[in-house]
Amino acid sequence: MQTKQMTFPSRWLPYALLAPQVAITLVFFLWPASQALYQSLLRQDAFGLRTTFVGLDNFARLFDDPGYLNAVSATAVFAVGTTLLSMGMALLLAATVNRMLRSRESYTTLLVWPYAIAPAIAGVLWWFIFNPSIGIVPYILEILGYRWNHRTSGSDAMLLVIFAAAWKQISYNFLFFLAGLQSIPQSLIEAAAIDGASPFKRFWTIVFPLLSPTTFFLMVVNVVYAMFDTFGVIHATTQGGPAQATNILVYKVYADGFVGLNLGSSAAQSVILMAIVVVLTVIQFRFIERRVNY
Amino acid sequence: MASIQLTGLKKTYAGNVEAVKGIDLEIADGEFVVLVGPSGCGKSTLLRMVAGLETITDGTLKIDDRVVNDLEPAERDIAMVFQNYALYPHMTVFGNLAYGLKNRGVKREEIERRVHDAAAMLEIEPFLERKPRKLSGGQRQRVAMGRALVREPSAFLFDEPLSNLDAKLRVQMRVEIKQLQRRLKTTSLYVTHDQLEALTLGDRLVVLNGGSIEQVGTPMEVYEKPASMFVATFIGSPAMNMLPVAYLRERGANGLLDHLAADTDVIGIRPDDLRIEAPDEDHLVVTGTVELFEAAGAESHLYVSLEGSDQPTVIRTSARPPVAEGETMRFHVLPSALHPFNQASGKRTQQGVS
Ligand SMILES: Nc1ncnc2c1ncn2[C@@H]1O[C@H](COP(=O)(O)OP(=O)(O)OP(=O)(O)O)[C@@H](O)[C@H]1O
Ligand SMILES: [Mg+2]
């Protein structure tokens, strides 16, 4: 295969052009990552005076720690909930917008806005909406006979963070689903209509299977998002509470390391998260190589 | 089995695009009707209205004496073969054929039987377990046909089903479609812009132009007696030559043009009807210079500039005549081969020149 080759006037210019990116990667990624790896093998005493090498003991302790196992299951619930909700809503919106002719562009623009909002701001927004004393949703739920309080109820809190996290991701999923829907030839849908399939059946037997490459790609992206990019949402709304109910893995790294100052354990947790990210990334790249699965 | 009846059928798209401007047409039970016309004349739109994929702006559409204007495609009991085949890419060939039957709640054994019958008829049995992307263009075309015929619908609609095939396969499939339709006797409406398909396939030919019908008739009627200058030049290849009557009169053809209607001012002559050898009967004679000689296998085309006319003229001869480029020669036309038209109305002026 022929590749494009670029000739530079001097030998060091290409390296100079690459240098900023390499420096950023070194300073903000490789160095902290190696520090985390190193830290995960050490333990400090309570006063931070002595540091001892403990091997994999930090990891072993984690898997015996009920708090950590609780965080694993909270993360699972949170990731699955966020992914399902944001993808479900996005697919619904995309399918609706795809049927519009004239107003498609304006709806698309509006639906993309939430993506531009920082996670922490989205968190605050939802914190206000669901605030048990001043929020609008608890007020309405109160009328309907449900006392919403995410400060005391773990499941309310989980729902809140799922809403907040999913809401922000809907825009992204929506764009991909819309593009996916638009790439399905209209004649397939027409053929199915002539073949006697109802609109509902057409969607589930023709459109949805043909969207499966997009769906799979988004699933990985959303799980990664829910597991790693939602620190801001949690921090602005529940801070892991009540009673650890929304203490997901990425938040626990912060809480144990920077609040609890248990650096060894926190580092071990971030190493585990790093491993998960690597696995998910590999899955995604393997998949992108063979994009079509039908 | 069904008849299809179109009365004043109209389609206006958003932005006042009049794609179909009032079509009246009756298709008898079991008849094979071919719709032909230039690109953009509304053929697909008309077919899609019959299929129920396009709303009907005005007029009525009846299938078997039942008004179906507002029925869903599925309720019209028709099957359609699309130009790009529109096979479901995620289903096997079997799945593609069975889909329409499953949706209609046909029993499993019945589905199996019908799919295998159709597959046998179209010789696609070896591919039943394959996905469409692993088939050649011709095989996909057969699957698309199969999907239409397993349903045993009361009418088939075809939208240029052969236009994505290579020339050889197209001829083969054309013959097969015709044989299949003869065998099944299912009412069919077939859209094409291919001359040969138009002339060979159907029982009747409908020539469309700009959303209206120009002429309806058997293919031979349309070929031998085109109702308008448009049909005359559209059907038949190379196209019919058009010469002003005044020009022919100047050439001393007065006596032979007397039987034409008074308002005739253009004469059409098929390329085959300009002969090199003089016939025995009375005939017209024109003189021209051969600009280009084109040998096309069994036939040859002469591009001629006629003396005193700037109209480029084409002549078709069967064998390879002893003609050289640049040669000036005489061409002979029998009066019975003249097609009289009126330039202003574009219509044929006289029914029957004999
Ligand atoms: N959805 C649409 N909206 C507006 N105008 C349309 C639409 N579909 C078709 N048209 C117009 O209607 C006219 C007829 O289109 P149609 O597709 O029926 O032509 P056709 O005879 O099938 O041509 P071809 O041989 O190229 O397939 C064209 O002028 C086309 O531009
Ligand atoms: Mg068309």
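A salt bridge, for this tour, is a side-chain nitrogen of Lys or Arg within 4 Å of a carboxyl oxygen of Asp or Glu. Keep that in mind as you open the viewer.

This is a predicted model, in which local features need pLDDT of at least 70, side-chain atom pairs count only at pLDDT 80 or more, and totals for chains, interfaces and linings use all residues. Residues are numbered from 1 along each chain as its sequence is written, chains are lettered from A and ligands numbered from 1 in the order in which they are written, and side-chain values use heavy atoms, with hydrogens and water left out.

**Stop 1: chain A**

Select chain A. Its secondary structure comes to 12 helices and two strands; helices (H or I, at least four residues) and strands (E, at least two) are DSSP runs, numbered from the N terminus. Along the principal axes, the C-alpha atoms of chain A fill a box of roughly 75 × 70 × 30 Å.

**Stop 2: where chain B meets chain A**

Now show both chains. Contact, meaning heavy atoms within 4.5 Å, involves 23 residues of chain B and 17 residues of chain A. About 1,700 Å² is buried between chain B and chain A, with carbon and sulfur atoms giving 60% of that area. Buried area is the accessible area (1.4 Å probe) that two parts lose on being put together, summed over both.

How many salt bridges does the rule find across the interface of chain B and chain A? There are two. To see a salt bridge between the chains, select R48(B) and E190(A), whose closest N and O atoms are 2.7 Å apart. Side chains of opposite charge can pair when their charged atoms come close.

The rule also finds 13 residue pairs in polar contact across this interface, both residues at pLDDT 80 or more. A polar contact is a pair of N or O atoms within 3.5 Å; within protein, one must be able to donate a hydrogen and the other to accept it, and residues adjacent in sequence count only if both atoms are side-chain atoms. On the side of chain B that touches chain A, the elements giving two or more residues are α1 (43–51), β6 (78–81) and α2 (93–103).

**Stop 3: the two domains of chain B**

An automatic or database domain assignment gives domain 1 (4–229) and domain 2 (242–341) of chain B. Six residues from domain 1 of chain B and seven residues from domain 2 of chain B take part in the contact.

The area buried between these domains is about 520 Å², of which carbon and sulfur atoms give 64%. Select Y223(B), P226(B) and M229(B): in domain 1 they lose the most area to domain 2, together 86% of what that side buries. Across this interface the rule finds zero salt bridges and one residue pair in polar contact.

**Stop 4**

Zoom in on F230(B) and F234(B). Their ring centres are 5.5 Å apart and their planes at 10°, so the pair is stacked. Rings of Phe, Tyr and Trp (its six-membered ring) pair if their centres lie within 6.5 Å; planes under 30 degrees apart count as stacked, over 60 as edge-to-face and the rest as tilted. The two residues are four apart in helix α8 (residues 229–234) of chain B, which means that about one helical turn separates F230(B) and F234(B).

Next, select P238(B), in the loop between α8 and β11 (241–244) of chain B. The peptide bond from S237(B) to P238(B) is cis, with omega near 0°.

**Stop 5**

Select D64(B), in the loop between β4 (58–63) and β5 (66–67) of chain B. Phi of D64(B) is near 55°, a positive value in a residue other than glycine. Most residues other than glycine have a negative phi, and most peptide bonds are trans.

Finish at helix α3 (residues 108–122) of chain B, where R113(B) and E110(B) lie three residues apart, about one turn of the helix. R113(B) forms a salt bridge with E110(B), with the closest N and O atoms 3.3 Å apart.
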